[in-house]
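Trainee: I would like to go through this model with you, one question at a time. Where do we start?

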Amino acid sequence: MIKNTKTDLPQEELERAKKIILDLQAETALLTDKGYGPFLAAIYDDKGNLVAKRANSVAQEQCCLNHAEVNTIRQAHEKLKTYDLAPYNLSIYVTAEPCVMCMGAIMWSGIKRIFYGVNSSDVEAITGFDEGFKPGWFEAFAKRGIEVYGEIEPEAGKKVLKDYIAKGKEVYKPSCQRGK
């Protein structure tokens with residue numbers, strides 16, 4: 001099911017989003033064996049050019065800020081040499097719905113559209129990671145002119161997350177959240 005804040009997504013764009021999300025899920029499965037977390041994000045311009053792509057590196061680099069979205073946004077800022085990505089009309093594609101921290105980073109970056117795979121309730125159910133308090137985030141993004149399209153090929157993402165857990169990989173949780 002696709003949720004969105006504005007108009008229906010044209011079929012061609014939906015097919016492109018599905019391909020990108022499936023490619024990200026496949027790459028995520030490979031990256032987890034190299035120590036990365038089970039999330040990957042990519043930013044594309046409106047012509048379909050890849051601007052930035054990074055995985056979650058929280059455990060690998062020992063920094064709680066290193067979620068896939070934040071890493072990718074940081075890389076886009078560095079590449080484009082600006083703190084304001086809005087003039088570039090960018091879209092971010094993420095293997096899972098952004099957590100509360102990543103939502104803030106996306107909102108303040110100037111990115112215009114979000115496409116994601118697995119929804120937060122499924123991420124939490126599979127991994128135990130607390131996605132944070134996010135009431136009304138679709139509406140808040142819509143007020144800021146940011147389009148959100150979600151639950152794109154979610155089964156592929158759920159499989160990646162389940163495989164990650166089955167392999168006994170580390171799920172980042174601050175000590176205040178352990179035992180929840």
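Mentor: Start with helix α4. Its buried residues are Cys102, Met103, Gly104, Ile106 and Ser109. Buried means under 20% relative accessible area, exposed over 50%, and partly exposed in between (1.4 Å probe, protein chains only). Helices (H or I, at least four residues) and strands (E, at least two) are DSSP runs numbered from the N terminus. This is a predicted model, where local features need pLDDT of at least 70, side-chain atom pairs count only at pLDDT 80 or more, and totals for chains, interfaces and linings use all residues. Residues are numbered from 1 along each chain as its sequence is written, and side-chain values use heavy atoms, with hydrogens and water left out.

Trainee: Is Ser109 buried or exposed?

Mentor: Ser109 sits in helix α4. Leaving out residues up to four places away in sequence, Ser109 touches Ile73, His77, Tyr83, Asp84, Leu85 and Ala86. Its relative accessible area is 2%, so Ser109 is buried.

Trainee: Which residues have the most contacts inside the largest nonpolar core?

Mentor: A nonpolar core is a set of buried Ala, Val, Leu, Ile, Met, Phe, Trp, Tyr and Cys residues joined through side-chain atoms within 4.5 Å. The largest one has 27 residues. Elements that each supply at least two of its residues include β1 (40–44), β3 (91–96), α4 (100–109) and α6 (137–143). The residues with the most contacts inside this core are Ile43, Ile92, Ile114, Trp137 and Phe141.

Trainee: Which residues does Phe141 touch?

Mentor: Skip residues up to four places away in sequence. Phe141 then touches Met103, Ile106, Met107, Ile114, Ile146 and Val148.

Trainee: How many residues are in the second core?

Mentor: The second core is separate. Leu14, Ala42, Tyr44 and Ala55 are among its members. Its residues number 15.

Trainee: Is α1 roughly parallel or roughly antiparallel to α7?

Mentor: Two packed helices are described by the angle between their axes and the distance between the axes. Axes are lines fitted to C-alpha atoms, for helices over the stretch in contact, and angles run from 0 to 180 degrees between N-to-C directions. The axes of α1 (residues 11–32) and α7 (residues 154–166) come within 9 Å and cross at roughly 10°. Angles under 35 degrees count as roughly parallel, over 145 as roughly antiparallel, 65 to 115 as roughly perpendicular and the rest as oblique, which makes α1 roughly parallel to α7.

Trainee: How many residues of that contact of α1 with α7 are charged?

Mentor: From α1 come Leu22, Gln25, Thr28, Ala29 and Thr32, and from α7 come Ala156, Gly157, Val160 and Tyr164. Ala, Val, Leu, Ile, Met, Phe, Trp, Tyr, Cys and Pro count as nonpolar, Asp, Glu, Lys and Arg as charged, and the others, Gly among them, as polar. The contact divides into five nonpolar, four polar and no charged.

Trainee: How far is the sulfur of Cys64 from the closest cysteine sulfur?

Mentor: Cys64 is partly exposed, with a relative accessible area of 42%. The closest cysteine sulfur is in Cys63, again too far for a bond, at 5.4 Å.

Trainee: Is Glu97 buried or exposed?

Mentor: Glu97 lies in the loop between β3 and α4. Not counting residues up to four places away in sequence, Glu97 touches Tyr116, Val118, Asn119, Ser120, Glu131, Lys134 and Trp137. With 9% relative accessibility, Glu97 counts as buried.

Trainee: What phi does Gln62 have?

Mentor: Most residues other than glycine have a negative phi. Gln62 lies in the loop between α2 (58–61) and α3. Gln62 is not a glycine, yet its phi is positive, at about 55°.

Note on methods
Contact means heavy atoms within 4.5 Å. A disulfide is a pair of cysteine sulfur atoms within 2.5 Å.
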